[in-house]
Amino acid sequence: MTNGAPLDPKYVSLLWAGPEQAAEIARLHAELFSPPWSEDSVRSLLDHPASTAFMAMVGGAPKVCVGFVMAQLAADEAEILSIGVSPAWQRKGLGRRLLDGVARAAQRAEAKKLFLEVAADNDAALELYRRAGFLGTGLRRGYYERPGAQAVDAVTLALRL
Ligand SMILES: CC(C)(COP(=O)(O)OP(=O)(O)OC[C@H]1O[C@@H](n2cnc3c(N)ncnc32)[C@H](O)[C@@H]1OP(=O)(O)O)[C@@H](O)C(=O)NCCC(=O)NCCS
């Protein structure tokens with residue numbers, strides 16, 4: 001359960017996210033990523049005129065953010081900056097819904113390609129992107145530094161829109 005709502009994706013709605021949602025997205029980002037992005041840095045990303053972002057919201061008043069995707073448009077390309085789903089809500093299709101939502105928004109903004117980068121050891125995300133039709137475009141060696149561990153390569157992927 002989250003905020004009294006059953007763990008059922010049919011109770012989840014996707015909403016556009018703007019700078020006023022920075023605190024909620026930063027909170028969930030911190031649950032999922034290390035190092036987390038600060039609320040201020042999330043706010044400035046969402047405040048950017050080219051920002052396209054969605055939140056997956058569940059429950060009554062107040063609704064709770066259980067997923068997010070943040071992307072940015074640049075000319076005829078778009079880039080996903082971050083995507084995440086709350087652990088209790090993973091594997092219920094929300095990651096795919098967020099991905100499809102941002103891809104559609106980018107397409108409507110006349111972007112031709114959607115890019116992203118992902119750690120080479122992030123099997124869940126790699127499989128999500130592969131199933132959504134993303135193809136590999138390159139590798140950035142040692143891109144993700146891990147405290148006390150070996151750096152991990154970044155895989156760059158693109159989806160033709
Ligand atoms: C990656 C992430 C966003 C996926 O979100 P999700 O809501 O669980 O994904 P979905 O339920 O929409 O999964 C869609 C498909 O992706 C693949 N997939 C998702 N999670 C997977 C996992 N743990 N292992 C293998 N495949 C997985 C499956 O093919 C899945 O379809 P299926 O459930 O019918 O088999 C989520 O695991 C997450 O937030 N991870 C932590 C943050 C992160 O790594 N973000 C990506 C950074 S690039």
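The model is predicted, so local features need pLDDT of at least 70 and side-chain atom pairs count only at pLDDT 80 or more, while totals for chains, interfaces and linings use all residues. Residues are numbered from 1 along each chain as its sequence is written, and side-chain values use heavy atoms, with hydrogens and water left out.

The ligand sits in the largest pocket. A pocket here is an open set of points on a 1 Å grid over the protein atoms alone, where a 1.4 Å probe fits and protein lies on both sides within 12 Å along at least five of seven lines. To sit in a pocket, a molecule must have more than half of its atoms within 2 Å of its grid points. There are 20 residues around the ligand, and Val85, Arg91, Gly93, Gly95 and Asn122 come nearest; a residue belongs to this group if one of its heavy atoms lies within 4 Å of the ligand.

Strand E4 (77-85), helix H3 (94-108), strand E5 (113-119) and helix H4 (123-132) each supply at least two residues of this shell. Helices (H or I, at least four residues) and strands (E, at least two) are DSSP runs, numbered from the N terminus. H4 gives the largest share of the shell, six residues.

In one, a ligand oxygen is 2.7 Å from an N or O atom in the side chain of Asn122. A polar backbone atom of Arg96 is 2.8 Å from an oxygen atom of the ligand, and for the side chain of Gln90 the distance from an N or O atom to a ligand oxygen is 3.5 Å. Taken alone the ligand exposes 910 Å², and the protein buries 76% of that, by the Shrake-Rupley method with a 1.4 Å probe.

Elsewhere, His48 lies in the loop between helix H2 (39-47) and E2. The side chain of His48 reaches the backbone nitrogen of Ala50 at 2.9 Å. His48 has a relative accessible area of 38% and is therefore partly exposed, the class between buried (under 20%) and exposed (over 50%), with a 1.4 Å probe and protein chains only.

Strand E2 (residues 51-58) includes Ser51, which is buried because its relative accessible area is 18%. Thr52, also in strand E2, is buried at 7% relative accessibility. Leaving out residues up to four places away in sequence, Thr52 touches residues including Trp16, Val69 and Val102, where contact means heavy atoms within 4.5 Å.

Technical notes: Polar contact = N/O pair within 3.5 Å; in protein donor to acceptor, adjacent residues only side chain to side chain. 1 Å grid on protein atoms, 1.4 Å probe; cavity = no way out; pocket = protein on both sides within 12 Å on 5 of 7 lines; lining within 4 Å.
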